[in-house]
Amino acid sequence: MTFIAKKNKLHKISAWFSDKRLHILGWTIFIFYEAIIIGIFVGRFSTLSTYVIFYSLNIATFYFHAHVVLAFALKKINERWWKLPLFILLELGAYLILTVCLDYIVINYTDYNGPIKLIFNAAFFAAPIYRAIYFMCFATSYYFLLNFLEERKKIEDLEKQRLNNIIQIAKSENAFLKAQIQPHLLFNTLDFIYQNAKDSSPVAAEAIHSLAEMMRYSVDGNQDKEFILLDEEINQVENLINLHQLRKDHQVQLRFWYDDEIRNVKIIPLVLTILVENMFKHGELLTALHPAEVNLSLKNGQLIIETSNLIKAIKDNSGLGSGMENIKKRLAYTYGNNAEFSYFTDSDQYFRVMLVIKI
């Protein structure tokens, strides 16, 4: 065995003794106390080998009863009534058999010269049964103490987890408040720029106003709601169109059709806005002969949203598929079979989207 292996083995032994030090100390005190009391009471002491043999049996009985018999017998509540008495009787029987065997070994193979003889009468069996019950009672107390400590530790762990959750919630609320402050600071700055630019540069001021409205809508608390009025989405689409018109000197060819009554229909947030954003990102919207269209209509209790746009000659499909799939998943989660969503590219290189929602 190498030096390192020996060192590891010694370390494990040392760790085991350190972990069991209270058990070792408790048994040492108990054995010395009981041996001295019994020795004084009967007027004689047994040999060291006798103490070692019988206390080894008693200690083994203690831990076997606590960790095996009770743990197994009390595991299922509806089986305790027959398992517990059966296992205790079997344990007492095993203890008696081992005691007889050990008595035989001690009497015949050690230097024992005490009064105990192998005479199988009531008095001979009474003593080991008493000792077995004596240590089993201690083991039962030990078992329930371990369970009590284990349950208390679980409660303490749950309490720590609850406190950690409270701390995390507080941190999240603090972060949320900070996140709220930063956008409002930006909105106030944009509003200041707008107020100072609307007279000297009305086009820039209008662009700033549209941008501020869109950003405010994106970070507003309305997005936490499950449904919003289509009126809010329409306003953001109009701001988006206006912003792009200002950027492209009013050359954007996009027709936005809807009736005013449709504004009162409720829908999940950011569906219409994202569809129109994808048109600006991936569509060719500057060709007068091929204008893009967005149509909103109500027919037979159904909200119908249709978009169509010519695809750019140089395609940029980054984010298009994921954006559409995200809308599809959100619609399926909210509306289930009450929503039909499809999109495709036709032979004329038009990208078309059709969304039908039963109201």
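The side chains of Glu159 and Arg162 come together in a salt bridge, with an N to O distance of 2.7 Å; the term stands for a side-chain nitrogen of Lys or Arg within 4 Å of a carboxyl oxygen of Asp or Glu. Both residues sit in helix H5, three residues apart, or about one turn of the helix. Helices here are DSSP runs of H or I with at least four residues, strands are runs of E with at least two, and both are numbered from the N terminus. Glu159 is partly exposed with a relative accessible area of 35%, and Arg162 is partly exposed as well, at 44%. For these labels, buried means under 20% relative accessible area, exposed means over 50%, and partly exposed lies in between, using a 1.4 Å probe and protein chains only.

A word on the model before going further. This is a predicted model, in which local features need pLDDT of at least 70 and side-chain atom pairs count only at pLDDT 80 or more, while totals for chains, interfaces and linings use all residues. Residues are numbered from 1 along each chain as its sequence is written, and side-chain values use heavy atoms, with hydrogens and water left out.

## Other salt bridges

How many salt bridges does a search of the whole structure find? The search finds 11. One of them joins Glu79 to Lys83, where the closest N and O atoms are 2.7 Å apart. Lys83 counts as buried, at 10% relative accessibility.

Glu238 and Arg263 also meet through their side chains, at 3.8 Å from N to O. Glu238 belongs to helix H7 (residues 230-247) and Arg263 to the loop between strand E2 (254-257) and strand E3 (266-267), so this pair ties together parts that are 25 residues apart in sequence. Glu238 is partly exposed at 31% relative accessibility, whereas Arg263 is buried at 16%. The two also take part in a network of salt bridges that links Asp231, Glu238, Asp260 and Arg263.

## Strand E6 and its partners

Strand E6 (residues 302-311) has eight of its 10 residues buried, so the rest of the structure largely encloses it. Which strands pair with E6? Pairing requires at least two bridges found by DSSP between two strands. Strand E4 (residues 283-284) runs antiparallel to E6 and is joined to it by two bridges, with Gly283 opposite Ile311. Strand E8 (residues 350-358) pairs with E6 over nine bridges, again in the antiparallel sense; here Ile304 stands opposite Val356.

Strand E5 (residues 292-299) is antiparallel to E6 too, and seven bridges join them. Leu298 of this pairing faces Leu303 in E6. E5 and E6 form a hairpin with two residues between them.

## Two residues with positive phi

Asn300 is in the turn of that hairpin. Its phi is near 55 degrees, a positive value in a residue other than glycine. Asn300 counts as exposed, at 81% relative accessibility.

Gln349 has a positive phi of about 65 degrees, although it is not a glycine either. Gln349 is found in the loop between strand E7 (339-345) and E8, and is partly exposed at 36% relative accessibility.

## Two buried side chains in helices

Is Phe280 buried or exposed? Phe280 lies in helix H8 (residues 271-282) and is buried, at 13% relative accessibility. Leaving out residues up to four places away in sequence, Phe280 touches Leu240, Ile241, His244, Val252, Leu254, Leu285 and Lys312, where contact means heavy atoms within 4.5 Å. For His244, 36 residues from Phe280 along the chain, the C-alpha atoms of the two are separated by 8.3 Å.

Arg131 sits in helix H5 (residues 122-197) and is buried, with a relative accessible area of 19%.

## Cysteines

How many disulfides does the structure hold? There are zero, a disulfide being a pair of cysteine sulfur atoms within 2.5 Å. Cys101 is partly exposed at 41% relative accessibility, and Cys137 is partly exposed at 46%.
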